Amino acid sequence: MKVAVLGAGAIGAYVGAALHRAGADVHLIARGPHLAAMRQHGVRVLSPRGDFTARAHATDDPVEIGPVDYVFLGLKANSYAACGPLIEPLLHDRTAVVAAQNGIPWWYFHRHGGPHDGHRVESVDPDGAVSAVIAPERAVGCVVYAATELEGPGVVRHLEGTRFSIGEPDRSVSKRCLDLSEAMIAGGLKCPVEPDLRNDIWLKLLGNISFNPISALARATMRQMCLHGGTRKVIEIMMTETLSVAEALGCEVGVSIERRLAGAERVGDHRTSTLQDLERGKPLELDVLLAAVVELAEITGVQVPTLRTVHAISDLLALRSAA
């Protein structure tokens, strides 16, 4: 199995290191000091499950890798449309692209069935720009339940969780998913193949859609948002509206809002990825988290006034932070 990790940051390098440990032919694509460190020392993973080092091939040039069986996308979703020159040298006719993104993916309605089958979600695939670069039939969905961070160049700190749920847009249990799952498990990760990954997408989105924008607007940690009565109530309402959209699209989350809030509170003083991006001056990944659900509410006729309000304010924050 030949795998390229495009965007070998904290999550990408962690997955690449695990697959390399399992015996896969892994190639990590990165740049800057992080790339230099991986070339010299490999990827060092520091984890409560045990530290290890993986000396996978690392480069900034996909051409020297050539076509692979799987491309694992560790990029932010708002970078997908511009990644064509990087991903094209990695593709052959059967290459699968494993998109480890938060929020609503560009392939969401690909082979979905029902009245919205084939519908393009403009917020995440504007004018079809992402589909033109990554054909939906290549997509293997991936919902990440692992928390990692780059402690330094070439050093990944694994904080918690090892689950990477994967699945096909058409709900089949395919050989390409089963083969990838086997390799991920051999590398020490959990990788269930879900018959309908969309349920997992909404489960994770339930937290991301509320905590991420509110954390950026309030500059607050998970615990602080949960313990403050006002923000906790806003988050509850946002989650309720999100569940209504999911249910209108035939998805079941299977976790109560109170249980989701309790889990978030236990995380403690963790800063969401959106807050971290804001603090680092990086683009905010809010379209796939918030704008897309507002768009889905429009096509399903679900009323989401609080999601609309938070989207309007956080969208202005994103525009100002990018200026």
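Asp127 is exposed, with a relative accessible area of 70%, where exposed means over 50%, buried under 20% and partly exposed in between (1.4 Å probe, protein chains only). The model is predicted: local features need pLDDT of at least 70, side-chain atom pairs count only at pLDDT 80 or more, and totals for chains, interfaces and linings use all residues. Residues are numbered from 1 along each chain as its sequence is written, and side-chain values use heavy atoms, with hydrogens and water left out.

Most residues other than glycine have a negative phi. Two exceptions are tabulated below; helices (H or I, at least four residues) and strands (E, at least two) are DSSP runs, numbered from the N terminus.

| Residue | Phi | Location |
|---|---|---|
| Arg111 | about 55 degrees | loop between strand S7 (96-100) and helix H4 (129-133) |

A nonpolar core is a set of buried Ala, Val, Leu, Ile, Met, Phe, Trp, Tyr and Cys residues joined through side-chain atoms within 4.5 Å. The largest such core has 72 residues, of which Ile87 and Trp202 touch the most other members. Helix H6 (residues 197-218) gives the most to this core, ten residues. At least three residues come from each of domain 1 (2-195) and domain 2 (199-322), with bounds from an automatic or database domain assignment.

Beyond its neighbours within four places in sequence, Trp202 is in contact with residues including Ile104, Tyr108, Thr242, Leu249 and Leu296; contact means heavy atoms within 4.5 Å.
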